Amino acid sequence: MDDVMALLERLEDELESGNNLPFTSKTMINRERCLELIKEIRIRLPDDFKQAQVVAAEKNSIIADAQRQAEAILQDAENQFKLMVDQHEITKKAYEQAREIISNAQKNAREIRLGANDYADEVLGKLDAYVSRLLDDIRKDRAELKKGHHQS
């Protein structure tokens with residue numbers, strides 16, 4: 001492409017270096033040199049155009065590839081985000097279930113403790129009543145022994 005630009009500059013110089021015809025707006029130029037420059041431009045132009053098309057095609061291919069990669073990265077990021085949200089929801093539900101289990105366990109432990117205290121109180125009450133009856137019987141038996149001992 002640099003060759004074509006140089007040839008175009010030479011053509012421009014050739015056209016500017018022409019002599020003005022007096023009393024007209026026309027300029028006298030070397031027609032043969034200008035035609036040679038144009039011919040040379042035509043010869044070189046297709047190669048430069050082909051290279052430009054190849055570069056443009058490569059550019060478009062690179063842009064399309066970059067766009068596909070960007071879309072894939074965005075899709076992957078979106079999938080990761082969804083996964084993280086899902087994992088967060090699972091974790092959140094697990095914590096809620098754990099809190100509920102702990103709460104129920106504490107409630108059951110309180111109920112068991114209260115039940116155990118009630119049971120222990122009931123057992124001790126029965127034991128107290130039994131021991132009291134036994135103690136009463138022992139006192140009666142002793143009193144009878146003392147009465148019988150004094151009569152003999």
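Me: Is Asp65 buried, exposed or partly exposed?
Reply: This is a predicted model, and in it Asp65 comes out partly exposed, with a relative accessible area of 34%.

Me: OK, and which residue does Asp65 form a salt bridge with?
Reply: With Arg68; the closest N and O atoms are 3.6 Å apart. Asp65 and Arg68 are three residues apart in helix H2, so about one helical turn separates them.

Me: Why does that spacing matter for which way residues point?
Reply: An α-helix has 3.6 residues a turn, so residues three or four places apart point the same way.

Me: How many salt bridges are there?
Reply: The count comes to six.

Me: Which residues are linked in a network of salt bridges?
Reply: Asp3, Glu40 and Arg44 are. Arg44 pairs with Asp3 at 3.1 Å, N to O. Asp3 sits in helix H1 and Arg44 in helix H2, so this pair ties together parts that are 41 residues apart in sequence. Arg44 also bridges to Glu40, with the closest N and O atoms 2.6 Å apart.

Me: Where do Arg44 and Glu40 lie?
Reply: Both are in helix H2, four residues apart, which is about one turn of the helix.

Me: How accessible are Asp3, Arg44 and Glu40?
Reply: Asp3 is partly exposed at 44% relative accessibility. Arg44 is partly exposed at 31%, and Glu40 is partly exposed at 27%.

Me: Switching to H1. Which of its residues are buried?
Reply: Val4, Leu7, Leu11 and Glu14. Looking down the axis of H1, these buried residues fall within an arc of 80°, so they line one face of the helix.

Me: And what's exposed on the other side of H1?
Reply: Asp2 and Glu16 are exposed there.

Me: What span should H1 have, and how far apart are its end C-alpha atoms?
Reply: H1 covers residues 2-16, and at 1.5 Å a residue its 15 residues should span 21 Å. The end C-alpha atoms are 21 Å apart, which agrees.

Me: New topic: which residues form a nonpolar patch on the surface?
Reply: Leu124, Leu127, Tyr130, Val131, Leu134, Leu135 and Ile138 do, with about 630 Å² of accessible area together.

Me: Which helix is Val131 in?
Reply: Helix H2, which runs over residues 31-151.

Me: And what's the relative accessible area of Val131?
Reply: It's 41%, so Val131 counts as partly exposed.

Terms used
Residues are numbered from 1 along each chain as its sequence is written. This is a predicted model: local features need pLDDT of at least 70, side-chain atom pairs count only at pLDDT 80 or more; totals for chains, interfaces and linings use all residues. Side-chain values use heavy atoms; hydrogens and water are left out. Helices (H or I, at least four residues) and strands (E, at least two) are DSSP runs, numbered from the N terminus. The expected span of a helix is 1.5 Å times one less than its number of residues. Buried means under 20% relative accessible area, exposed over 50%, partly exposed in between (1.4 Å probe, protein chains only). The arc is that of the directions from the helix axis to the C-beta atoms. Patches are made of residues with over 30% relative accessible area and no salt bridge: like charges are joined within 9 Å, nonpolar side chains (Val, Leu, Ile, Met, Phe, Trp, Tyr) within 5 Å. Accessible areas come from the Shrake-Rupley method with a 1.4 Å probe; for residues, only the protein chains shown count as cover. A salt bridge is a side-chain nitrogen of Lys or Arg within 4 Å of a carboxyl oxygen of Asp or Glu.
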